[in-house]
Amino acid sequence: MSLTLVDKLWSMHEVHRLSERRSLLYIDRIFLHERTGSVALRELEAKQRKVRLPSHAFCTMDHIVDTTPGRSDRTLMPSGQDFIVATRSAAQEASIRLFDIDDPDQGIVHVLSPELGIALPGSTLICPDSHTCTLGGVGALAWGVGSTETEHALATSTLRVERPQNYRVSLDGELPVGVTAKDLILYVIRELSASGGQGYAIEFAGSAVESLSVEGRLTLCNMATELSAFTGIIAPDQKVFDYFRDRDFAPSGPTWELAQAHWQDLKSDPDAVFDREMALDVSQIGPQISWGTSPQHTIDASGVIPTPADAPSGLQHSSWAKAQAYMQIRPGTRLEDYPIDAAFLGSCTNSRLSDLRLAADYLRHSGARVAPSVKALCVPGSGRVKRAAEAEGIDEVFREAGFEWREPGCSLCFFAGGERFAEGARVISTTNRNFEGRQGLGVRTHLASPLSVVASACAGYLTSVGSQA
Amino acid sequence: MKVFNEHVGVAMPLPEDNINTDVIIPSREMRTVSKSGLADGLFAPWRYLDPDSREENPSFAMNKAAYRDASILIAGKNFGCGSSREHAVWALMEAGFKVVIAESFATIFYNNALRNGLLAIALDRRLIDALAAPVRDSGAVDVLSVNLTDQTISAGAMVVRFEIDPDAKEMLLEGMDEISLTQRNALLIEAFERSDRENRPWIYLND
């Protein structure tokens, strides 16, 4: 029988069939962070249950921890320190490897996962965080869960999961210069809608996906959750296998060869049948920027803000109007008509070395500086990313252009640690959610690629590299 | 986990698609490392004109006299999308909600609800409108009666049937502890590991 990649990974991890659609699945890796992982660990402890395999679980500090240089356990949010201290003691008590604030490898959970070889091709990985689907970029079956399911996985090394349906989204064509993986996924969400992936595991395929770097693939899969998909995944290829050579927790020695042989089979059979298919030609797309309060509210950076009356369904008329009122943006205007107050480069979507390089190259070549009215900051995704960037002088490029250069963490993607943009500020951001209030009270977030973020920071208004020409 | 069987209560409509968990409970409202103390922050961005001073927004449903005691929430498509925070479920429950009816749910929210005894019912727009019609017409408060055993929702004489996975239904009806349930399969898990270790030795790090 012909199988999809997700079918294969499902059978490979199925311990027991529970009902027609539900299985007890083996979970290879569990990653926790101090925001929601702390709750799971404390609940286990309270019920006197043990972490079944501590060596399969990892924990980092990223969501609440401060990202200003010289940071400590203290955060702007008065109770933030409680989360950090509680997580530290719970992780130590459970003998889980913790990437603590002072650990040179500390960083954002979904940046660390592939970087350290914790997520591997064909592995199952869960984390109490919706962006866990990022790891589909290296061919892992990875998805976000709540704290209670995390407790279950920690205690039993398994989860009771309803099997998603199979959806293949083929993206074909050569991406135009200046169009990145971030633009690609924003375009897909715009086309499929914020609920377009519900009930499905989405396999991204096609020539545009194959030609993405490993880091680009992580960016693409990162936002599968914004389609409300169970997860996103890309069949791993030689580029991915090579990426894992000599990573800390990846196989080595004789098992490296064994793993490589095993990973070769991780792809959908040529005649596998998907429950749903969609093919998009992406050879003509431009940079994408969101205008509203859902990632599906996205247009070409050079496009015109749509009129609510043109929204596809009844409920969307009112939601478009509501979004435009919140965003203080009018139909018929252009994104370039809107000055910005801040620019943010970071998060599990776009804080890897290739993102930072792309932005720094723009600054180097254009010689542009951040507009005087704009607060701009760059937050590397991990300690390793930060050190690698500093070794190339990227930190200096950012600082000289007027960007703050921060310590690794989720930072202003949302304001869990208590740091926020000024009330009502308009922000261009490489993050994944433009929800109301996500980056601070009344803050108006526009999602975009690293390139659009630096271009806008320097221009002082919403723009992309392409539309500046 | 709480047992769910049947519930009669006031239904509050929030007729919007894609209500995300940042709106249900903003990050800044999750102040302690626990599952409680969240009710006050429920829907804070919409419920308060000023979330800091807690000045109420009179046009938001929760602040209307008719819905002060609402225990059933009715929404559009993709309810609970966004962040995986289980706090969204805990906040709803702490504020007295027992049932959420929506056109569809984000998977993580649905699974979180199930594991806490909050009944999440996915229902066709047509049926949701039919249940809400008596309210719109009379201006009265909509009292719905939800029965999980029979899988029905009643509004006066109108009865609507809903679907739920049999395994999920049993979990809710019995308030089962999922971990204990799975631990009954401990031997199966160990057997899986023995054979899997042969195929994928690199997965098994030293303990």
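Q: What should I know about numbering and confidence here?
A: Residues count from 1 along each chain as its sequence is written, while chains are lettered from A and ligands numbered from 1 in the order in which they are written. As the model is predicted, local features need pLDDT of at least 70 and side-chain atom pairs count only at pLDDT 80 or more, whereas totals for chains, interfaces and linings use all residues.

Q: In what order do the seven strands of the chain B sheet lie?
A: Start with the terms: strands (E, at least two residues) are DSSP runs, numbered from the N terminus, and two of them pair if DSSP finds at least two bridges between them. In chain B the open sheet reads S6-S5-S4-S1-S7-S8-S9, with mixed pairing.

Q: Which strands of chain B stand at the edges?
A: Strand S6 (119-122) and strand S9 (158-161) of chain B do; each has a single partner strand, so one side of each lacks a neighbour in the sheet. From one strand to the next, the twist averages 25°, using axes fitted as lines to C-alpha atoms and angles from 0 to 180 degrees between N-to-C directions.

Q: How many bridges join S7 to S8 in chain B?
A: Three, linking S7 (residues 143-147) and S8 (residues 152-155) of chain B, which run antiparallel. There, B:Asn147 has B:Thr152 in S8(B) as its bridge partner.

Q: What is the strand order of the four-stranded sheet in chain A?
A: This open sheet runs S11-S10-S9-S12, with parallel pairing. Its twist averages 20° from one strand to the next. Six bridges connect S9 (residues 165-172) of chain A with S12(A) in the parallel sense, and A:Met278 in S12(A) is the bridge partner of A:Val169.
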